[in-house]
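Biologist: Could we go through this structure together, one topic at a time?

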Amino acid sequence: MENTFYSCDARDGLARLLEQNITVDLAYLDPPYLTGKDFGAFSDQQSAQDYYAMMREILQGINKVLADTGSIFCHVDPRTSPRLRLMLDEIFGEDGFRNEIVWCYESGGRAVSHFSRKHDVILFYAKSEQSYFDAMQDALPRTSSRSNHMKRGVDKTGRSYASIQSHGKEYRYYDDEGVPASDVWTDISHLQQKDPERTGYPTQKPLRLLHRIIKTASRVGDTVLDVCAGSGTTLLAAAQLNRRFIGMDASKESLETVQMRLKDIPTKYISLI
């Protein structure tokens with residue numbers, strides 16, 4: 001399958017994939033958040049009724065093209081996450097729920113009438129019990145603060161470790177193995193204003209964030225889908241990690257940004273507008 005970008009509404013693009021019997025192994029979407037703002041590249045000014053109706057169609061479409069071994073990561077904010085989680089429960093099944101990931105960051109201003117809002121929510125659902133996932137594919141460095149109550153040692157090969165005895169058995173945790181991330185991500189920062197990764201596209205997410213999702217929930221050679229491709233971060237991350245990708249976005253600015261960022265990556269561009 002070729003890397004493909006559809007210049008179209010997500011619902012039209014998903015219908016095209018369904019017509020062609022194309023399946024994907026991992027889906028990520030960072031849709032509008034019902035903010036009521038006009039971001040220039042896209043408008044987020046629809047009514048709540050229209051917004052949730054749109055999201056239902058999109059999530060149902062993703063469910064139809066997602067392989068049984070696949071997963072979906074829906075990136076939203078705390079205002080829309082409660083209703084979207086119920087919608088995901090309905091479409092993917094309550095048993096499909098894996099995590100409500102909290103992505104914490106320090107950027108943004110201060111609030112007067114409430115605590116400053118410094119996190120997004122990523123809802124992670126598996127299509128089935130056979131869905132692929134391996135948190136150790138993006139392990140975090142092991143810190144001494146997590147093992148300061150353990151005994152230090154070095155094995156015969158020179159590898160250092162911390163160990164603990166439990167019920168007569170020794171458990172070793174090697175320093176070079178790392179630890180899996182939890183469902184609270186504080187180690188990935190928001191893109192700062194002068195970050196060289198920035199493209200100028202609004203609401204752009206960092207490559208590091210998509211690297212974690214793609215590494216842990218897909219294998220090399222799998223196909224990654226982003227139906228709200230925006231600045232193309234998911235597509236670029238997938239290519240960097242030797243996955244194939246399918247992107248969709250109706251915004252002219254998105255198409256231009258994706259073409260710029262993927263200029264060295266063979267990609268087929270299809271317009272359904």
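Modeller: What follows covers helix packing, aromatic pairs and one histidine.

Biologist: What kind of model is it, and how are residues numbered?

Modeller: This is a predicted model, in which local features need pLDDT of at least 70, side-chain atom pairs count only at pLDDT 80 or more, and totals for chains, interfaces and linings use all residues. Residues are numbered from 1 along each chain as its sequence is written, and side-chain values use heavy atoms, with hydrogens and water left out.

Biologist: At what angle do H1 and H2 pack?

Modeller: Helix H1 (residues 10-19) and helix H2 (residues 48-65) pack at about 20 degrees, with their axes 9 Å apart. Helices (H or I, at least four residues) and strands (E, at least two) are DSSP runs, numbered from the N terminus. Axes are lines fitted to C-alpha atoms, for helices over the stretch in contact, and angles run from 0 to 180 degrees between N-to-C directions.

Biologist: What does that make H1 relative to H2?

Modeller: H1 is therefore roughly parallel to H2. Angles under 35 degrees count as roughly parallel, over 145 as roughly antiparallel, 65 to 115 as roughly perpendicular and the rest as oblique.

Biologist: Which residues make the contact?

Modeller: From H1 they are Ala10, Arg11, Leu14, Leu17 and Leu18, and from H2 they are Met54, Glu57, Ile58, Gly61, Ile62, Lys64 and Val65. Contact means heavy atoms within 4.5 Å. These residues of H1 and H2 divide into 8 nonpolar, 1 polar and 3 charged. Here Ala, Val, Leu, Ile, Met, Phe, Trp, Tyr, Cys and Pro count as nonpolar, Asp, Glu, Lys and Arg as charged, and the others, Gly among them, as polar.

Biologist: And how do H4 and H5 cross?

Modeller: The axes of helix H4 (residues 207-217) and helix H5 (residues 233-240) come within 9 Å and cross at roughly 55 degrees. H4 and H5 are therefore oblique to each other. On the H4 side, the contact is made by Leu207, Leu210, His211 and Ile214, and on the H5 side by Thr233, Thr234, Leu236, Ala237, Ala238 and Gln240. The contact of H4 with H5 has 6 nonpolar residues, 4 polar and no charged.

Biologist: How many residues of H5 are buried?

Modeller: In H5, 6 of the 8 residues are buried, so this helix is largely enclosed by the rest of the structure. Buried means under 20% relative accessible area, exposed over 50%, and partly exposed in between (1.4 Å probe, protein chains only). The buried residues are Thr233, Thr234, Leu235, Leu236, Ala237 and Ala238. Among the elements they pack against are H4, strand S10 (223-226) and helix H6 (252-261).

Biologist: Changing topic: how many aromatic pairs are there?

Modeller: The structure holds 7 aromatic pairs. Rings of Phe, Tyr and Trp (its six-membered ring) pair if their centres lie within 6.5 Å; planes under 30 degrees apart count as stacked, over 60 as edge-to-face and the rest as tilted. Phe5 and Tyr269 have ring centres 6.0 Å apart and planes at 55 degrees, so this pair is tilted. Phe5 belongs to strand S1 (residues 4-7) and Tyr269 to strand S12 (residues 268-271), so the pair ties together parts 264 residues apart in sequence.

Biologist: Is Phe5 buried or exposed?

Modeller: Phe5 counts as buried, because its relative accessibility is 1%. Tyr269, at 32%, counts as partly exposed.

Biologist: Finally, where does His119 lie?

Modeller: His119 lies in strand S5 (residues 119-126). It counts as partly exposed, at 29% relative accessibility.
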